[in-house]
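Here's a protein to explore together. Have a look at the fold first, and then we'll walk through it piece by piece.

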Amino acid sequence: MTFRDRLPSLTSVFWLTVVWVFLWGDISLGNVVNGLILAFVVGVIFPLPKVGGLNRFRPLAFLVLAGRFVSDVVISGFKVALVALRPGTPRSAVIKVQLRSHSDFILATTAAMTTLIPGSVAINTHRLTGVIYLHVFDVPAKGGNAHLNRFRDTVLRQEERLLRAFATQAELADAGYKPGWRVGTGDVPGWLETHGHRHHHPAGKKKAKKGGGRR
């Protein structure tokens with residue numbers, strides 16, 4: 001493998017830098033520069049396999065993705081802090097989320113971004129089926145199933161934001177989404193029925209069984 005073949009992509013350098021900055025918990029110029037250098041060195045020494053299909057970048061969709069991610073991190077962090085101050089032991093659950101995309105990049109990035117948001121951790125992913133298993137913190141005793149369904153929908157919307165920022169039109173269609181950079185543009189008619197994605201629904205509009213806990 002030549003040095004040129006070992007050069008990391010801009011996408012991998014960007015995301016490794018983001019992870020580095022969040023691990024330090026301080027968005028400063030020094031941390032960003034160190035993260036960029038470390039991401040480049042790691043990419044050269046341990047080159048990642050080439051991932052196809054990442055030949056689109058939609059700036060507006062990326063701004064929506066980044067803005068919503070920062071908002072989720074702040075709001076979820078505040079909620080977790082309140083739970084830590086609350087008396088009693090919070091309930092938790094492990095759930096399975098079936099993603100709509102077949103992209104390794106979308107699977108890994110959705111799992112990573114979900115983990116970086118306080119209150120949820122990806123504990124396993126299945127590449128062949130596109131499934132993520134997540135540990136969800138603070139599941140209410142009443143309406144637990146509805147809460148978990150809303151969380152599944154949140155993860156799927158995260159996946160959709162990634163697809164609209166980085167996926168090709170063909171990948172969007174393969175995942176059942178209409179073309180466009182806006183989240184909520186709509187689904188390809190008949191796609192959900194054909195593929196049986198029962199959990200991709202607007203939060204709160206599906207009847208949930210009573211209870212909660214491990215799913």
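Which residues form a nonpolar patch on the surface? Keep in mind as we go that this is a predicted model. The patch is made up of Phe 3, Leu 7, Leu 16, Leu 29, Val 33, Ile 37, Leu 38, Phe 40, Val 41, Val 42, Ile 45 and Phe 46. Together they have about 1100 Å² of accessible area. Helix α3, covering residues 29-45, gives the most to this patch, with eight residues.

Three strands form an open sheet in the order β1-β3-β2, and the pairing is antiparallel.

| Strand pair | Bridges | Direction |
|---|---|---|
| β1 and β3 | seven bridges | antiparallel |
| β2 (residues 120-126) and β3 (residues 131-137) | six bridges | antiparallel |

Ile 95 stands opposite Leu 134 in β3, while His 126 stands opposite Val 131 in β3. Strands β2 and β3 make a hairpin, with four residues between them. Look in the turn for Gly 130, which has a positive phi of about 70°.

What about the helices that go with the sheet? Helix α5 (residues 104-116) lies across β2 and β3, and runs at about 160° to β2. Helix α6 (residues 144-166) packs on the sheet as well, touching β1, β2 and β3. The direction of α6 makes about 45° with that of β1.

One last stop: the loop between β3 and α6, where you'll find Asp 138. This residue has a positive phi of about 60°, although it is not a glycine. Is Asp 138 buried, partly exposed or exposed? Its relative accessibility is 22%. Buried means under 20% and exposed means over 50%, so Asp 138 counts as partly exposed.

Notes: Residues are numbered from 1 along each chain as its sequence is written. This is a predicted model: local features need pLDDT of at least 70, side-chain atom pairs count only at pLDDT 80 or more; totals for chains, interfaces and linings use all residues. Side-chain values use heavy atoms; hydrogens and water are left out. Patches are made of residues with over 30% relative accessible area and no salt bridge: like charges are joined within 9 Å, nonpolar side chains (Val, Leu, Ile, Met, Phe, Trp, Tyr) within 5 Å. Accessible areas come from the Shrake-Rupley method with a 1.4 Å probe; for residues, only the protein chains shown count as cover. A salt bridge is a side-chain nitrogen of Lys or Arg within 4 Å of a carboxyl oxygen of Asp or Glu. Helices (H or I, at least four residues) and strands (E, at least two) are DSSP runs, numbered from the N terminus. Two strands pair if DSSP finds at least two bridges between them. Contact means heavy atoms within 4.5 Å. Axes are lines fitted to C-alpha atoms, for helices over the stretch in contact, and angles run from 0 to 180 degrees between N-to-C directions. Buried means under 20% relative accessible area, exposed over 50%, partly exposed in between (1.4 Å probe, protein chains only).
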